[in-house]
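Me: I would like to go through a structure with you, one topic at a time. Please keep the answers plain.

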Amino acid sequence: MTNKNASEGNMVRAYQRYLKLERNFTANTLDAYMHDLQKLLAFLKEEQLSAMDVRLEHLQHFAASLHDSGVSPRSQCRILCGVRSFYRFLLTDGWIEDDPSELLESPLTGEHLPEVLSEGEVDQLEGAIDLSKWEGQRNKAIIEVLFSCGLRVSELVNLKLSNLFMEEEFLRVEGKGRKERLVPVSGRAVKEIKLWFRDRNLMSNIKPGEEDYVFLNRRGAHLTRTMILIMIKRLAEDAGIKKTISPHTLRHSFATALLEGGADLRAIQAMLGHESIGTTEIYTHIDTHTLREEILNHHPRNMK
């Protein structure tokens with residue numbers, strides 16, 4: 001039993017190294033994958049099964065246990081996606097001869113449409129900022145950058161001065177898998193960033209190692225994702241916006257505004273840093289009315 005446990009431990013560590021070194025996962029993504037994998041391993045331990053002895057029926061029982069535990073369909077899909085990744089690795093790396101997860105199905109989640117803000121609602125959000133406070137202009141610059149660049153919140157908090165190209169109106173960001181991309185930034189966002197720099201340049205307490213971060217807190221350290229989330233939720237409440245929003249809502253709003261403005265889906269994919277065009281296609285639901293009008297007006301079967 002000890003040898004089996006040791007072998008399984010080596011296998012899990014090998015998978016962790018693979019995600020980190022070959023898939024180039026960020027620390028947050030790596031932690032999420034390993035946390036989900038532990039759910040499977042805990043289930044298998046209760047069933048007195050080794051991960052290498054698993055068959056499809058065992059994984060189906062695991063999936064059923066997630067449902068019975070009240071795990072949401074979306075979270076079930078995420079966990080089972082990680083299970084498939086794990087077993088693909090075991091097959092490729094020679095730990096197993098057959099992949100038991102190959103025919104494992106995920107639950108139907110239904111169509112999930114992301115919440116979005118209109119340009120007017122973004123203006124409302126910014127209008128709720130108290131610019132007389134120390135953090136006021138910083139927060140306005142943050143909202144403007146999120147909306148005009150479509151950054152993930154992790155990309156925003158890690159944005160560096162050395163990655164700003166203000167004259168060219170571009171930002172360089174490090175996205176998922178540590179992949180870098182250039183993102184155009186609007187003139188309005190550039191203006192708000194420069195106004196924030198007036199306050200930032202007066203700071204005398206910037207902590208060593210934090211000097212290159214664009215957005216700092218009062219104590220001279222870079223912001224966290226939680227800080228941004230709390231700030232946006234408070235602003236939404238102050239602005240009277242009833243929608244449930246987060247920093248990611250501004251990213252959705254960025255993509256939706258581009259699509260409605262006529263931008264090519266591939267261009268939106270590049271700006272968002274999506275590896276798959278399928279991820280970007282969720283935004284096409286926003287413009288279905290316009291799409292219908294285009295078909296009615298331009299398809300030869302509808303033209304008189």
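Me: Is Glu-126 buried or exposed?

Reply: Glu-126 is buried, as its relative accessible area is 5%. Buried means under 20% relative accessible area, exposed over 50%, and partly exposed in between, with a 1.4 Å probe and protein chains only. Please note that this is a predicted model, in which local features need pLDDT of at least 70 and side-chain atom pairs count only at pLDDT 80 or more, while totals for chains, interfaces and linings use all residues. Residues are numbered from 1 along each chain as its sequence is written, and side-chain values use heavy atoms, with hydrogens and water left out.

Me: Which residue forms a salt bridge with Glu-126?

Reply: Arg-188 does, with the closest N and O atoms 3.1 Å apart. A salt bridge here is a side-chain nitrogen of Lys or Arg within 4 Å of a carboxyl oxygen of Asp or Glu. Glu-126 sits in helix α5 and Arg-188 in helix α8, so the bridge links distant parts of the chain, 62 residues apart. Helices are DSSP runs of H or I with at least four residues, strands are runs of E with at least two, and both are numbered from the N terminus.

Me: Which residues are joined with Arg-188 into one network?

Reply: Salt bridges that share partners join Asp-123, Glu-126, Glu-144 and Arg-188. Within that group, Asp-123 pairs with Arg-188 at 3.5 Å between the closest N and O atoms. Because Asp-123 lies in helix α5 (residues 119-127) and Arg-188 in helix α8 (residues 187-200), this pair ties together parts 65 residues apart in sequence. Asp-123 is partly exposed at 35%, and Arg-188 is partly exposed at 40% relative accessibility.

Me: How many salt bridges does the count come to?

Reply: The count comes to eleven. One of them joins Asp-36 and Arg-78, whose closest N and O atoms are 2.9 Å apart. Asp-36 is buried at 6% relative accessibility, whereas Arg-78 is partly exposed at 43%.

Me: Changing topic: what is the volume of the second largest pocket?

Reply: Its volume is about 490 Å³. On a 1 Å grid over the protein atoms alone, a pocket is an open set of points where a 1.4 Å probe fits, with protein on both sides within 12 Å along at least five of seven lines; lining residues have an atom within 4 Å of a point. Grid points are joined across faces, edges and corners, and the volume is the space filled by probe spheres set on the points.

Me: Which residues lie nearest the centre of that pocket?

Reply: Of the 20 lining residues, Glu-135, Arg-138, Asn-139, Met-231 and Arg-234 lie nearest the centre. Helices α6 (136-149) and α9 (225-239) are the elements that give two or more residues to the lining, and α9 supplies the largest share, seven residues.

Me: And where is His-274 found?

Reply: His-274 is in the loop between α11 (265-272) and α12 (277-280). At 14% relative accessibility, His-274 counts as buried.

Me: Last topic: how many disulfides does the structure hold?

Reply: The structure holds zero disulfides, a disulfide being a pair of cysteine sulfur atoms within 2.5 Å. For Cys-77, the nearest cysteine sulfur is that of Cys-81, 8.9 Å away. Cys-149 is buried, with a relative accessible area of 0%.
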